[in-house]
Amino acid sequence: MTELDDRLRHDFLAVRDRLERIPLPDVASREPREVNRPRAIAVLSAALVVLLIAGVAVIATHSSTHRGATPPSGADLSGINVRQATDSRRAVRGAHLIRPLLFDHGSLQLAVVGGSSRVDETHAIALFRAGSPPGSTVANVTVIYADATLRVRVEASGVIQPRVVPTFEHRPVWAFIYSNGPHGCPAEVAPQTGAIRLPEPVHVELIAADGSGEGVNYQTRGSECAEPTTASRAEVASYYVSLPWTPSTRGKWFVAHYQAPPACGDIEYTPTGGSRNSVTFGVYAFVLMARAPCTTPRQPTSTGLQATIGTKLLHDPTGLSLGRFTTSGTHFTYFDGRTHAIR
């Protein structure tokens, strides 16, 4: 029994004792509306029992509602200091944390969180993969639903400037922990011991799980390509999206017309490819993961195509541009308690 159960039982017995000590009025002086003491006791007893059951039910319901935020009994609740991207994996079960993760002495903290996300894991993965131009390579990707607290100032660089940058203070997120893909300047090591002198940064992309569209790219203290060590830092995250377009003619040439990019977006590039008889064309926007409004450059909504009438026009696929892979543009592998591969 809980302490609350004991208190309710004690109060119930005290009320019952008081009722039993109530004197019955003299039969001769009874009012037309008689006092039926046994019946009163029974009714009040039943009411108190209902109250007791309801109280226990409320407590049980509250506990059940928050069960996702409560680690298993006897679980190790100490935080894991993440120094390499794969350090986080021993704290992941079913895309959820079972132990807190700390980056750079707490400049970023990921904690256990309950409840459900308004953004499903599949869509969060697509947003993450759209965060780099086509052909970009990352490694050791871990996907976690967690409570994020970021203690680093978030910067916004580039031509798009949000009025307010995203903040994360005990905020549910999809967190993507990863390292750089293969590159020509690996971390510098000591010649005698082989120990890494300047560890490369660990990268974490935070995508808000509340459906706001906000996100931040964070990286730990470290050095890339033997450059001077940089402190941990954060900037507003972004993604690339391919926009639909329609053709028209101007003289003997085609013109592509397309919609304006999403809020906080900028037309980044319009690649054209193909052969003598066909042309493939796409319109790609770079979108900052911040709440509107944003200051953006004036956006064009049409461009000329180097294709004459009679040439077959082909559209690049529209929607999120999945530019991040883990193996040279062939597939994307990630870990969320199990290893998955998307081809």
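Q: How many bridges join strand 4 to strand 5?
A: In this predicted model, strand 4 covers residues 101-103 and runs antiparallel to strand 5. Within this pair, Phe-103 stands opposite Leu-108 of strand 5. The number of bridges that join strand 4 to strand 5 is three.

Q: Which residue takes a positive phi in the hairpin of strand 4 and strand 5?
A: The hairpin made by strand 4 and strand 5 has four residues between the strands. The positive phi in this hairpin is near 50°, and the residue that takes it is Asp-104.

Q: Which residue in strand 6 is the bridge partner of Leu-110?
A: Strand 5, which spans residues 108-111, has a covered face with Leu-108 and Leu-110, while Gln-109 and Ala-111 make up the uncovered one. Strand 5 also pairs with strand 6, residues 136-150, in the antiparallel sense over four bridges. In strand 6, the bridge partner of Leu-110 is Ala-148.

Q: Which residue in strand 19 is the bridge partner of Tyr-239?
A: Strand 13, residues 238-243, and strand 19, residues 283-288, are paired in the antiparallel sense over six bridges. In strand 19, the bridge partner of Tyr-239 is Val-287.

Q: Why is one side of strand 16 and of strand 23 left without a neighbour in the sheet?
A: The open sheet is formed by four strands in the order 16-19-13-23, and the pairing is antiparallel. Strand 16 (265-269) and strand 23 (319-320) stand at the edges of this sheet, so one side of each is left without a neighbour, because each has a single partner strand.

Conventions: Residues numbered from 1 in each chain as written. Predicted model: local features only at pLDDT ≥ 70, side-chain atom pairs only at ≥ 80, totals over all residues. Heavy atoms only, no water. Pairing = 2+ DSSP bridges. Helix = DSSP H or I, 4+ residues; strand = E, 2+ residues; numbered from the N terminus. Buried < 20%, exposed > 50% of the residue type's maximum accessible area, 1.4 Å probe, protein only.
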